[in-house]
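Here is a quick tour of a protein model, written to be read with the structure open beside you. Have a look at the fold before reading on.

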Amino acid sequence: MVKDFWARNKYTLFSKSQIQEKERELKRDYKMLKEALKQSGCSWNKDRDEEAPPRNRLREERKKLQPASTVHQRRMRTKQGEEEAAMLARENEAAMLARENEAAMLARENQPTQATDFSITRCIKVLNTMEVTKEEKVKAFSVFTNVDNREIFLSSAEGDEETALLWLMSQI
């Protein structure tokens, strides 16, 4: 899963443990929501593609605990149970959205900006690993003042340093 995440999000700098922790957190939240839905007695009617009323099992258990009541009181209890389940579902959904927003904000904070990812310092470090004269290095510094040039240089140097050096010499 971590490799798939990195493949889809090339410029994020999450560690493997951060991704695994977020996955565990989401699974835990899913189990909690699933259990809350199970306890609420609500379910999904797949045939009608709509929410099904609470299961009869819960109604029977309530009848055992309480003496027989009027039809009106039974309807009120069923309606109240449905409202509680809906309220719990809304609260869980709001908590899930808050966690997703927090994760997105964390991702934006950890994601490097273009200026830091393609910095002049990084360009000079890569340039120092190449075989160039001091005069060529000095001329290359002026090429690195442009962000696009830094991006081209660093991106090409990752794959093939010789091609990056040829491109740099063409810009000087």
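How many aromatic pairs does the count come to by the rule used here? The rule takes rings of Phe, Tyr and Trp (its six-membered ring) as a pair if their centres lie within 6.5 Å, with planes under 30 degrees apart counted as stacked, over 60 as edge-to-face and the rest as tilted. The count comes to 1 aromatic pair, and we'll get to it below.

## What you're looking at

This is a predicted model, where local features need pLDDT of at least 70 and side-chain atom pairs count only at pLDDT 80 or more, while totals for chains, interfaces and linings use all residues. Residues are numbered from 1 along each chain as its sequence is written, and side-chain values use heavy atoms, with hydrogens and water left out.

The protein has 9 helices and 2 strands, where helices (H or I, at least four residues) and strands (E, at least two) are DSSP runs numbered from the N terminus. Reading from the N terminus, the order is α-α-β-β-α-α-α-α-α-α-α. Of the 172 residues, 22% count as buried; buried means under 20% relative accessible area, exposed over 50%, and partly exposed in between (1.4 Å probe, protein chains only). Take the contacts (heavy atoms within 4.5 Å) between residues at least 6 apart in sequence: 52% of them join residues at least 24 apart.

## The aromatic pair and the core

The pair is Phe144 with Phe153, and it is tilted, at 5.0 Å centre to centre and 50 degrees between the planes. Phe144 and Phe153 are both buried. Leaving out residues up to four places away in sequence, Phe144 touches Ile120, Cys123, Ile124, Leu127, Arg150, Phe153 and Leu168.

In soluble globular proteins, nonpolar side chains tend to be buried together.

## H8 against H9

Helix H8 (residues 147-159) packs on helix H9 (residues 161-171) at an angle of about 150 degrees, with the axes 6 Å apart. Axes here are lines fitted to C-alpha atoms, for helices over the stretch in contact, and angles run from 0 to 180 degrees between N-to-C directions.

On the H8 side, the contact uses Asn149, Ile152, Phe153, Ser156, Ala157 and Gly159, and H9 answers with Glu161, Ala164, Trp167, Leu168 and Gln171. These residues divide into 6 nonpolar, 4 polar and 1 charged. Nonpolar covers Ala, Val, Leu, Ile, Met, Phe, Trp, Tyr, Cys and Pro; charged covers Asp, Glu, Lys and Arg; the others, Gly among them, are polar.

Thr163 is in helix H9 and counts as partly exposed at 41% relative accessibility. Thr129 sits in the loop between H6 and H7 and is exposed, at 53%.

Asn92, in helix H4 (residues 71-110), is buried with a relative accessible area of 15%. Setting aside neighbours within four places in sequence, Asn92 contacts Leu33 and Ala36. Asn92 and Leu33 are 59 residues apart along the chain, yet their C-alpha atoms are separated by 6.8 Å.
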